[in-house]
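User: I have a structure open and want to go through a few spots in it. Can we take them one at a time?
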Amino acid sequence: MKKTCDLLIHNAQLITCADNGRPFGQFNQAAIACKQGRIIWLGPTTEAMTFNAKKNINAKGLLVTPGLIDCHTHLVFAGSRANEFAQRLDGLSYEEIAQAGGGILSTVQATRQASLQELIDSTCQRLAHLKSQGVLTVEIKSGYGLDFDNEIKMLKAARAAGNKLEVDVKTTLLAAHALPPEFKNDRQAYIDLICQQIIPHVAKNKLADAVDAFCEGIGFSFEETKQVFDAATRWGLPVKLHADQLSDLGGAGLVAEYGGLSADHIEYTSTASIKKMADSDTVATLLPYAFYALQETQKPPIKAFRKYGIDLAIATDSNPGTAPTTNLLQCMHMACTQFNLTVEEAVLGVTINAAKALGIDDKKGSLEVGKTAEMVLWDTQEIADLVYWQGQIISNQILMSK
Ligand SMILES: [Zn+2]
């Protein structure tokens with residue numbers, strides 16, 4: 001008797017991103033069977049006729065990858081920062097713009113003024129573009145509210161946008177993104193607000209999946225970041241960190257000491273911190289668009305990450321100040337051209353390693369039995385095309401079983 005399934009894809013070139021001993025976990029002339037939202041079988045196309053499928057798709061030898069994952073974005077915001085782009089071209093630095101009250105704080109003002117519905121609507125526009133590239137899981141941070149009500153509003157907007165577009169949104173509390181102007185003479189009072197009120201409320205109401213901070217000279221210090229991480233840990237929330245982007249404050253090492261999911265940016269990360277990341281299996285998330293937009297010159301220490309076996313993820317960092325992009329495939333391209341990643345590293349960076357950076361690699365990021373049935377069929381037989389064309393020319397079709 002034939003087995004039943006909801007969706008059967010056959011005659012596919014599967015880019016499984018699983019560890020099967022072949023580059024990309026590639027599996028040619030393959031078939032994949034899905035039922036009730038899960039992958040239930042993978043095998044050669046010649047054995048696929050043992051299934052009775054409600055929907056049958058002949059991939060005609062084209063590529064099928066897992067749904068892509070953007071593991072670091074600031075997709076919820078209001079206002080525009082296009083003017084700062086012009087200011088930077090006129091010679092002002094990111095720090096100078098921030099110190100003059102621009103930068104993050106101008107987005108904070110606009111985001112506080114926006115209604116929940118306005119934030120949901122504008123986030124949906126950006127999320128829809130990511131989804132058009134086969135991105136089916138997106139991490140979205142708060143961090144432009146910087147007070148109790150507006151941080152919560154951002155997290156709710158992120159979840160609502162995900163529900164509306166059927167994209168799996170993972171939310172991260174980033175209240176420690178910038179010091180709100182009303183606390184400029186009392187930094188500790190703001191840290192206390194985050195640790196004693198915002199984190200407990202977010203944890204109790206399950207509004208966020210992780211807690212993040214901006215550990216930097218223009219953000220929060222090593223000691224302040226520790227307080228935020230201590231509170232997150234007390235409330236059972238995993239941590240990640242904007243670390244070592246403009247200088248080495250030891251951020252990547254710190255997040256690793258807390259068993260954190262990922263250290264992100266990491267241009268200035270030291271070997272001592274990388275060793276700690278290796279011990280804690282913390283992912284290194286590369287954000288090549290921000291590197292490009294800020295015209296940085298210090299590249300992340302890719303060779304050292306490889307040497308110590310650190311998993312590399314790639315994300316858009318989509319945000320109105322330093323990464324006006326919703327093009328994850330272009331970011332893969334940039335990680336290759338700017339940071340010398342291989343095509344395989346770029347593909348794993350938006351699939352299995354991005355899943356690790358979100359702590360969901362038991363469910364997503366690769367095509368394996370038991371994982372979520374979210375696939376993308378690409379109109380090419382050449383995996384390098386995804387990276388090479390930067391999201392142009394190569395069309396795709398999202399295939400899901402629910
Ligand atoms: Zn960021």
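User: Which strand does L312 lie in?
Analyst: L312 is part of strand β13, residues 312-314. Bear in mind that this is a predicted model.

User: Is L312 buried or exposed, and why?
Analyst: L312 is buried, because 23 other C-beta atoms lie within 10 Å, and the cut-off for buried is 20 or more.

User: What is L312 in contact with, leaving aside neighbours within four places in sequence?
Analyst: The contacts of L312 beyond those neighbours are A284, L286, F305, L341, E345, G349 and N353.

User: How far is G349 from L312?
Analyst: Their C-alpha atoms are separated by 5.6 Å, and L312 and G349 are 37 residues apart along the chain.

User: Now K240. Where is it found, and is it buried or exposed?
Analyst: K240 is in strand β10, residues 240-243. K240 counts as buried, with 30 C-beta neighbours inside 10 Å.

User: What does K240 touch?
Analyst: Not counting residues up to four places away in sequence, K240 touches T172, A210, D212, V255, G260, L261, S262 and D264.

User: Switching to helices. Which residues of α9 are buried?
Analyst: In α9, which covers residues 271-280, S273, I274, K276 and M277 are buried. Seen down the axis of α9, these buried residues fall within an arc of 160 degrees, so they line one face of the helix.

User: Why would residues a few places apart point the same way?
Analyst: An α-helix has 3.6 residues a turn, so residues three or four places apart point the same way.

User: What is on the face of α9 turned away from the buried side?
Analyst: That face carries the exposed residues T271, A272 and D279.

User: What covers the buried residues of α9?
Analyst: The cover includes helices α8 (251-257) and α11 (302-307), along with strands β11 (262-265) and β12 (283-286).

User: What follows α9?
Analyst: D281 follows α9, and D281 has a positive phi, near 60 degrees.

User: How do α6 and α7 cross?
Analyst: The axes of α6 (residues 187-204) and α7 (residues 222-234) come within 10 Å and cross at roughly 10 degrees. Angles under 35 degrees count as roughly parallel, so α6 is roughly parallel to α7.

User: Which residues make that contact, and what classes are they?
Analyst: On α6 the contact is made by I191, I194, C195 and I199, and on α7 by E224, Q227, V228, A231 and A232. By class, the contact has 7 nonpolar, 1 polar and 1 charged residues.

User: Zooming out, how many helices and strands does the chain have?
Analyst: The protein chain has 15 helices and 15 strands. Its radius of gyration is 21 Å, close to the 21 Å that the globule rule gives for 402 residues, so the chain is as compact as a globular protein of that length.

User: What box do the C-alpha atoms fill?
Analyst: Along the principal axes, the box is roughly 75 × 40 × 40 Å.

User: Last one: how much of the chain is buried, and what share of contacts is between residues 24 or more positions apart?
Analyst: Of the 402 residues, 55% count as buried. Residues 24 or more positions apart account for 71% of the contacts with a separation of 6 or more.

Terms used:
Residues are numbered from 1 along each chain as its sequence is written. This is a predicted model: local features need pLDDT of at least 70, side-chain atom pairs count only at pLDDT 80 or more; totals for chains, interfaces and linings use all residues. Axes are lines fitted to C-alpha atoms, for helices over the stretch in contact, and angles run from 0 to 180 degrees between N-to-C directions. Helices (H or I, at least four residues) and strands (E, at least two) are DSSP runs, numbered from the N terminus. Angles under 35 degrees count as roughly parallel, over 145 as roughly antiparallel, 65 to 115 as roughly perpendicular and the rest as oblique. Two residues are in contact if their C-beta atoms, placed from the backbone, lie within 7 Å. Ala, Val, Leu, Ile, Met, Phe, Trp, Tyr, Cys and Pro count as nonpolar, Asp, Glu, Lys and Arg as charged, and the others, Gly among them, as polar. The radius of gyration is taken over C-alpha atoms; the globule rule is 2.2 Å times the number of residues to the power 0.38. A residue is buried if 20 or more other C-beta atoms lie within 10 Å of its own, exposed if 12 or fewer, and partly exposed in between; C-beta atoms are placed from the backbone. The arc is that of the directions from the helix axis to the C-beta atoms.
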